Amino acid sequence: MFGNDTLFELRTALAAAEQEREGGLSPHISPMIQPADCCSLLSQAGFSLTTVDTLNIEVEFSDAFKCMQHLSLMVSQKIMKCLVTLTFPRVNQTD
């Protein structure tokens with residue numbers, strides 16, 4: 001699950017560019033979840049002694065376009081993985 005700081009630099013740069021060009025900001029993605037919110041949701045669902053770990057991974061790209069290309073490939077691979085594991089219910093055919 002992606003947290004509130006995911007792609008922070010990219011989101012900040014795109015927001016600044018949109019602010020400059022359009023004179024305002026429009027929401028393009030859903031809000032990111034805070035780790036504390038995860039614990040609250042798990043507690044409300046009946047879990048006790050909930051713990052949420054976070055892991056920060058920093059990756060550098062030569063430019064924003066390389067970053068977006070990498071993200072696009074990640075999404076494509078995830079979709080293909082889902083399609084491969086997707087099973088459809090069998091339909092009994094009667095003649």
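Modeller: The protein exposes about 9,200 Å², of which carbon and sulfur atoms supply 58%. Accessible areas come from the Shrake-Rupley method with a 1.4 Å probe, and for residues only the protein chains shown count as cover. This is a predicted model, in which local features need pLDDT of at least 70 and side-chain atom pairs count only at pLDDT 80 or more, while totals for chains, interfaces and linings use all residues. Residues are numbered from 1 along each chain as its sequence is written, and side-chain values use heavy atoms, with hydrogens and water left out.

Of the 95 residues of the protein, 5% count as buried; that word stands for under 20% relative accessible area, exposed for over 50%, and partly exposed for what lies in between, with a 1.4 Å probe and protein chains only. The protein has three helices and zero strands, and its pattern along the sequence reads α-α-α. Helices (H or I, at least four residues) and strands (E, at least two) are DSSP runs numbered from the N terminus.

Two patches deserve attention on this surface. Patch members have over 30% relative accessible area and no salt bridge, with like charges joined within 9 Å and nonpolar side chains (Val, Leu, Ile, Met, Phe, Trp, Tyr) joined within 5 Å. A salt bridge here is a side-chain nitrogen of Lys or Arg within 4 Å of a carboxyl oxygen of Asp or Glu.

Asp5, Glu9, Glu58 and Glu60 form a negative patch. Asp and Glu count as negative and Lys and Arg as positive, while His and the chain ends are not counted; each charge is placed at NZ of Lys, CZ of Arg, CG of Asp or CD of Glu. Glu9 belongs to helix H1, which covers residues 8–22, and Glu9 counts as exposed because its relative accessible area is 62%.

The other patch is nonpolar: Leu55, Ile57, Val59 and Phe61 make up about 450 Å² of surface. Phe61 sits in the loop between H2 and H3 and is partly exposed, because its relative accessibility is 33%.

That loop, between helix H2 (35–44) and helix H3 (64–85), also holds Leu49. Leu49 counts as exposed because its relative accessibility reaches 83%, and its phi is near 55 degrees, a positive value in a residue other than glycine. Thr54 is found in the loop between H2 and H3 as well, and it is exposed because its relative accessibility is 58%. Although 52 residues separate Thr54 from Phe2 in sequence, their C-alpha atoms are 9.6 Å apart in space.

The segment before H1 includes Leu7, another residue that is not a glycine but has a positive phi, of about 55 degrees. Leu7 is partly exposed because its relative accessibility is 36%. Thr6 lies in the segment before H1 too, yet Thr6 counts as buried because its relative accessibility is 19%. Neighbours within four places in sequence set aside, Thr6 is in contact with Arg11 and Met32; contact means heavy atoms within 4.5 Å.

Helix H1 supplies a contrast to the exposed Glu9, for Glu18, found in helix H1, is buried without a salt bridge. The nearest side chain of opposite charge to Glu18 is that of Arg21, 9.6 Å away. Beyond residues up to four places away in sequence, Glu18 touches Gly23, Gly24, Leu25, Ser26 and His28. Ala15 is partly exposed because its relative accessible area is 26%.

Finally, considering the chain as a whole, 43% of the contacts between residues at least 6 apart in sequence join residues at least 24 apart.
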